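Try each task before reading its solution.

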Amino acid sequence: MPPRMDSDMPSLEGGTDWFNSKPVTRESLIGSTVLIHFWSISCASCKDALPDIARWMKTFGPRGLKVIAIHMPRQESDTNVAAVKENIDEYQVKQPCVVDNWHTISEAFDNKFVPAYYLYDSKLKMRHFSAGEKALKLVEPALERLLNQQEATPTA
């Protein structure tokens, strides 16, 4: 069953390779708004979304947004780690990106889609999920809403 609103963010352990950072732990993200996005090098919609995600990092990063990319292979050729790295370089993916060739992380999220977007608040409770080629349009308003709510709520 896919995660439900208010569910805890699953672990990010089990990826085969990390790019752009050392392995990121769930615990290291507590206190930040977190966008997890699943993508694949064989997914055109995923690649089309990467410039928007880069813009969000630039725009919302100073407000506490952390973005983690999870490469979820959809076919055998997607498991080529060198090809994933080439795409990371070509599309200028700057956020931490983990290759999930064994689907360990995908299974923890019960995710079956690319692209897919999971948005978590600073306590790592899920606040938004969308998937598919039109999902990108739903993420930014949810992200703005969540950041505004968190900025308006004093931390205890």
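**Exercise 1: the disulfide**

The torsion about the S-S bond of Cys43 and Cys46 is about 85 degrees, so this disulfide is right-handed. Keep in mind that the model is a predicted one.

Task: Find how many disulfides the whole structure holds, and decide whether Cys43 is buried or exposed.

Solution: Start with the search of the whole structure, which finds 1 disulfide. Next, look at the sulfur atoms: Cys43 and Cys46 are joined at an S to S distance of 2.4 Å, and the cut-off for a disulfide is within 2.5 Å. Then turn to accessibility, where buried means under 20% relative accessible area. Cys43 has 5% relative accessibility, so it counts as buried. Cys46 is buried as well, because its relative accessible area is 2%.

**Exercise 2: another cysteine**

Task: Work out which cysteine sulfur is nearest to that of Cys97.

Solution: Cys97 counts as buried because its relative accessibility is 0%.

**Exercise 3: two helices**

Task: Describe how helix α1 and helix α4 pack, and which residues meet.

Solution: First take the geometry. Helix α1 spans residues 44–60 and helix α4 residues 136–152; their axes lie 11 Å apart at an angle of about 10 degrees. That angle makes α1 roughly parallel to α4, since angles under 35 degrees count as roughly parallel. Now list the contact: from α1 come Ala49, Asp52, Arg55, Trp56 and Phe60, and from α4 come Leu136, Val139, Glu140, Leu143, Glu144 and Leu147. Finally, sort the residues of this contact by type: 7 are nonpolar, 4 are charged and none is polar.

Terms used
Residues are numbered from 1 along each chain as its sequence is written. This is a predicted model: local features need pLDDT of at least 70, side-chain atom pairs count only at pLDDT 80 or more; totals for chains, interfaces and linings use all residues. Side-chain values use heavy atoms; hydrogens and water are left out. Buried means under 20% relative accessible area, exposed over 50%, partly exposed in between (1.4 Å probe, protein chains only). Axes are lines fitted to C-alpha atoms, for helices over the stretch in contact, and angles run from 0 to 180 degrees between N-to-C directions. Helices (H or I, at least four residues) and strands (E, at least two) are DSSP runs, numbered from the N terminus. Angles under 35 degrees count as roughly parallel, over 145 as roughly antiparallel, 65 to 115 as roughly perpendicular and the rest as oblique. Contact means heavy atoms within 4.5 Å. Ala, Val, Leu, Ile, Met, Phe, Trp, Tyr, Cys and Pro count as nonpolar, Asp, Glu, Lys and Arg as charged, and the others, Gly among them, as polar.
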